[in-house]
Amino acid sequence: MLTHHSKLAAGSSQLLKYLRMKCILHIILCFMSLKASAQLLPISSGVYHWKDLPVKKGTNRESRSIVEGTSAHFDYLEIHTTTQLQGAKPSPAHANKDIEELIIVKEGTMKVTIGSQTTLLGKGGVILILPAEMQTFENVGNDQLTYYVMRYRSRKPMDIERGRMSGGSLLLNMDSLDVNTNEKGSRRNYFERATAMCENFELHLTQRNVKGPSHEPHTHVDTEIILVLEGNPQVVMDNKEYNGAPGDLFFINSGLVHAGGNGSEAPCLYFAFKWR
């Protein structure tokens with residue numbers, strides 16, 4: 001039979017074990033929280049060069065990770081490229097529960113199906129995919145197909161109905177859009193609208209035929225991306241000059257003073273898109 005002191009000792013031992021396990025569990029949870037936070041840091045403004053992107057090779061496929069983290073309006077934002085070599089099998093049809101996507105074709109010919117819509121897109125083709133839409137992409141050209149994938153989730157609750165009322169998912173070919181010309185180049189407007197994740201999302205394609213800035217330094221609440229298709233655009237962010245080449249991506253955070261233009265005498269072609 002246990003004495004009174006033995007019972008006290010046994011109880012103290014059990015309490016110490018409980019406290020020790022609770023402390024260990026707390027440390028583990030803190031570590032997991034820190035790890036998760038470290039994986040979702042704010043994305044830095046600057047230029048992300050195509051030549052510096054690590055390449056992950058698979059069967060008839062390649063991928064390049066560009067950025068992953070958070071931004072002023074998104075609690076999750078990830079951008080990568082996928083290359084399907086000739087003969088690559090398309091990925092199985094799938095949908096994203098709470099992620100919206102923007103796809104931009106860099107090169108090649110893509111057969112894309114979004115919901116009940118199927119079309120062919122070439123270089124400069126753009127796809128906006130609302131959450132919960134079934135999707136699949138296939139290389140149907142005579143060369144490789146490369147496309148950018150931007151996946152994002154808003155800090156605010158998503159609004160599927162708002163996205164549907166604003167036009168739903170979109171599939172747009174560059175050649176189907178009107179060209180607005182001026183003395184320095186041209187512009188094609190793809191869309192400006194609300195989506196399920198954005199109060200406003202605007203995307204256009206600019207061609208600059210002369211060297212020099214396209215506008216004066218300015219700032220806005222929107223986060224902005226410049227994506228280079230051809231030539232050598234130049235972007236100034238917070239008084240620092242960044243030069244780009246085909247495939248490069250400039251990331252401009254909300255509220256940052258910036259200006260863009262053509263950094264050479266040869267024409268340049270780039271997408272500009274911003275959201276809030």
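Modeller: A residue counts as buried under 20% relative accessible area, as exposed over 50%, and as partly exposed in between, with a 1.4 Å probe and protein chains only. This is a predicted model, in which local features need pLDDT of at least 70 and side-chain atom pairs count only at pLDDT 80 or more, while totals for chains, interfaces and linings use all residues. Residues are numbered from 1 along each chain as its sequence is written, and side-chain values use heavy atoms, with hydrogens and water left out.

Colleague: Why is Asn 239 called exposed?

Modeller: The relative accessible area of Asn 239 is 77%, which is over the 50% cut-off, and therefore the residue is called exposed. Asn 239 sits in the loop between β17 and β18 (240-243), where strands (E, at least two residues) and helices (H or I, at least four) are DSSP runs numbered from the N terminus. Although Asn 239 is not a glycine, its phi is positive, at about 70 degrees.

Colleague: What makes Ala 132 exposed, and where is this residue found?

Modeller: Ala 132 has a relative accessible area of 53%, so this residue too passes the limit of over 50%. Ala 132 belongs to the loop between β8 (126-129) and β9 (135-139), and its phi is near 75 degrees, a positive value in a residue other than glycine.

Colleague: How do you know whether Glu 100 is buried or exposed?

Modeller: The relative accessibility of Glu 100 is 0%, and because this is under 20%, the residue counts as buried. Glu 100 is part of strand β5. If contact is taken as heavy atoms within 4.5 Å, then, leaving aside residues up to four places away in sequence, Glu 100 touches a set of residues that includes Leu 128, Pro 131, Arg 151, Tyr 152 and Cys 198. The C-alpha atoms of Glu 100 and Pro 131 are 5.0 Å apart in space, although 31 residues separate the two in sequence.

Colleague: Which strands form the open sheet, and which are its edge strands?

Modeller: The open sheet has 7 strands in the order β1-β19-β16-β21-β14-β13-β12, with antiparallel pairing. β1 (46-48) and β12 (180-182) are called edge strands, as each pairs on one side only. From one strand to the next the twist averages 20 degrees, where axes are lines fitted to C-alpha atoms, for helices over the stretch in contact, and angles run from 0 to 180 degrees between N-to-C directions. Within this order, β13 (residues 185-193) and β14 (residues 201-208) pair over 8 bridges, and Arg 188 has Leu 205 in β14 as its bridge partner.

Colleague: How many cavities are there, and what makes a space a cavity and not a pocket?

Modeller: On a 1 Å grid over the protein atoms alone, a cavity is a set of points where a 1.4 Å probe fits but cannot get out, whereas a pocket is an open set with protein on both sides within 12 Å along at least five of seven lines, and lining residues have an atom within 4 Å of a point. Grid points are joined across faces, edges and corners, and a volume is the space filled by probe spheres set on the points. By this rule there is 1 cavity of 30 Å³ or more, and the volume of the largest cavity is about 60 Å³. Its lining includes Ile 79, Tyr 148, Leu 227 and Phe 273, and β10 provides the largest share, 3 residues.

Colleague: What is the residue make-up of the linings of the largest cavity and the largest pocket?

Modeller: Ala, Val, Leu, Ile, Met, Phe, Trp, Tyr, Cys and Pro count as nonpolar, Asp, Glu, Lys and Arg as charged, and the others, Gly among them, as polar. The lining of the largest cavity then has 10 nonpolar, no polar and no charged residues, while that of the largest pocket has 7 nonpolar, 14 polar and 5 charged. The largest pocket has a volume of about 380 Å³, and of its 26 lining residues His 204, Thr 206, Ser 214, His 215 and Tyr 270 lie nearest its centre. With 5 residues, β14 gives the most to this lining.

Definitions and conventions. Two strands pair if DSSP finds at least two bridges between them.
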